[in-house]
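I set out to record what I looked up in this structure, entry by entry.

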Amino acid sequence: MEAILLVGGQGTRLRPLTISTPKPLLPTAGVAFLAHQLARAREAGVTRIIFATSYRAEMFEAAFGHRAQGVDLAYVSEREPLGTGGAIRNAATALASGPDDPVLILNGDILSGHDVPAQVELHQRSNAAATLHLTTVDDPSRFGVVPTDADGRVTGFMEKAARPVTDQINAGCYVFRRSEIDAIPLGEVVSVERETFPTLISSGATVMGYVESAYWLDVGTPEAFVRGSCDLVLGRIASPAMPGEPGDRLILPGAVVSDGAVVREGTTVGRGAEIEAGATVLGSVLQDGAFIAEGATVRDSVLGRGARVGPGAVLDGVILGDGASVGPGNELRDGLRLWPGISLPPTAVRFSADD
Ligand code: GTP
C-alpha cells in the first residue's frame with residue numbers, strides 16, 4: 001500500500017524550534033519525529049510513501065533520501081502551501097496505485113498507536129470513498145467532532161460547540177480510494193477537513209469512521225511535543241525506530257551525564273549534551289550539544305541545539321531555541337520561549353552550589 005504524508009506546515013505553535021527545523025524533523029526520542037511514523041507505517045504494510053512538502057521542503061529529502069525504515073520514499077513539493085486537501089491532490093501525481101486502490105494519508109505530527117490494517121480493512125469491506133480514524137476524548141468541547149451512525153458512517157463534521165453531540169474527533173489518519181483523491185481540484189488551496197469530507201458526505205458517498213481509542217497524540221504544541229518524546233522513551237507507545245530499549249531516560253552516544261545528576265521521566269539527552277552533578281532533569285528533551293550546569297532544575301522543557309542552562313537556574317515548561325542561554329539563578333516557567341541565540345544574564349543574587 002502507498003501512503004501520502006503531510007509535512008508541509010510551518011509548525012508555528014512550536015516556534016522557535018521550527019525556525020531551523022520543520023516540526024516532523026524535530027528530534028523526538030533520539031530520532032527525527034518522522035522516523036517513528038515511517039517505522040510504524042511499514043509495520044502496517046505501507047511500502048511506499050510520498051512526502052507532501054512545502055515549508056523547508058529540501059530538508060526532508062536530505063534527512064531520509066529515497067529509502068528509510070524499510071519504506072520507499074518520494075517527494076512532491078508545493079510552491080505555495082495548498083492546505084491539506086490541495087497537498088494530498090498534488091502528492092497524488094506521484095502515486096502508482098490504481099483508481100480503486102486504498103491510499104493511506106498521514107499527518108506528519110500525529111503519534112498514533114491505532115490499528116491501521118483494521119482501518120484499511122473496514123474501508124475495503126465498506127467499499128468506502130474514504131475512512132477516517134476517529135478517536136474519543138474526555139473533553140470534546142475543545143474540538144470539532146465527527147458523529148457516525150449505527151453502521152459507522154460519518155454523518156457530518158461539526159465545529160467546536162459547548163455541548164458536542166459525540167466525543168469522537170478526527171484523529172488525522174485517512175484511507176482514501178485513489179480515484180477520490182484525483183477528484184480534488186489540482187493546484188488549488190483545499191482543506192480536506194472543511195471541504196473534501198463535507199462535500200463527499202453531502203453527495204451521498206460512503207465515508208466511514210474507524211473508531212479506536214488507542215494511544216493518540218497531536219504533537220503540535222510544546223507541551224504535547226515534550227510529552228510525545230517522553231512517552232516514546234518510557235515505552236508508553238512502542239516505536240520500532242527508537243534507539244535502544246524503553247526506560248526512564250534515553251542518553252544518546254557522546255552525551256555526558258554526571259553520576260550526581262538526576263535524569264528521569266523519559267528525558268532524552270542528545271549527542272554531545274552534558275548534565276552536571278546536582279542538576280535535576282525531568283520529562284525533557286535536550287537536543288545535541290545542550291548543557292545543564294550544576295544545581296539547575298529542568299522540567300517539561302525542550303533545549304534546542306547547544307542551548308545552555310546556568311548553575312541553579314530553574315526551567316519549567318520552557319523552550320530554549322538553538323544556542324539560547326539562561327544565566328545562573330534565573331527562573332523561567334509556563335510556556336516561556338527564548339529565541340535562538342538569546343542570552344539571559346545571571347540574576348543579581350549569586351548562586352552558590354551550597355545554597
Ligand atoms: P501550526 O502552524 O503550529 O498549526 O502547525 P502546522 O503548520 O503543522 O499545521 P497543522 O498542525 O494544522 O497541520 C497538520 C498537518 O498537515 C501537519 O503534518 C502539516 O505539516 C500538514 N500541513 C498543513 N498545511 C499544509 C499544506 O499547506 N501543505 C502541506 N504539504 N502540508 C500541510
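How many residue pairs are in polar contact between domain 1 and domain 2? I worked on a predicted model, in which local features need pLDDT of at least 70, side-chain atom pairs count only at pLDDT 80 or more, and totals for chains, interfaces and linings use all residues. Residues are numbered from 1 along each chain as its sequence is written, and side-chain values use heavy atoms, with hydrogens and water left out.

**Entry 1: domain interface**

I found three residue pairs in polar contact between domain 1 and domain 2, both residues being at pLDDT 80 or more. A polar contact is a pair of N or O atoms within 3.5 Å; within protein, one must be able to donate a hydrogen and the other to accept it, and residues adjacent in sequence count only if both atoms are side-chain atoms. I noted the bounds as 2–218 for domain 1 and 248–352 for domain 2; such bounds come from an automatic or database domain assignment. Their C-alpha centres lie 34 Å apart.

I then looked up contacts, meaning heavy atoms within 4.5 Å: 13 residues of domain 1 touch 17 residues of domain 2. The two domains bury about 940 Å² between them, with 62% of it on carbon and sulfur atoms. Buried area here is the accessible area (1.4 Å probe) that two parts lose on being put together, summed over both. Of the area that domain 1 buries against domain 2, P16, L17 and G30 supply 48%, more than any other three residues. Helix α1 (residues 17–20) gives the largest share of the side of domain 1 that touches domain 2, namely three residues. Helices (H or I, at least four residues) and strands (E, at least two) are DSSP runs, numbered from the N terminus.

**Entry 2: salt bridges**

I applied the rule of a side-chain nitrogen of Lys or Arg within 4 Å of a carboxyl oxygen of Asp or Glu.

R48 and E2 form one of them, at 2.5 Å from N to O. This pair joins strand β4 (residues 48–53), which holds R48, to strand β1 (residues 2–6), which holds E2, 46 residues apart. For accessibility, buried means under 20% relative accessible area, exposed over 50%, and partly exposed in between (1.4 Å probe, protein chains only). R48 is partly exposed at 23%, whereas E2 is buried at 7%.

D322 and R305 form another, with the closest N and O atoms 2.9 Å apart. D322 lies in the loop between β25 (319–320) and β26 (325–326), and R305 in the loop between β22 (302–303) and β23 (308–309). R305 is partly exposed at 41%.

I also noted R333 with D316, at 3.6 Å. Both are partly exposed, R333 at 37% and D316 at 22%. A network of salt bridges links R89, R178 and D182.

**Entry 3: helix α2**

Why is helix α2 (residues 33–43) described as largely enclosed by the rest of the structure? I found the reason in burial: eight of its eleven residues are buried, so the rest of the structure largely encloses α2. Among the buried residues are F33, L34, H36 and L38. G45 follows α2 and has a positive phi, near 100 degrees.
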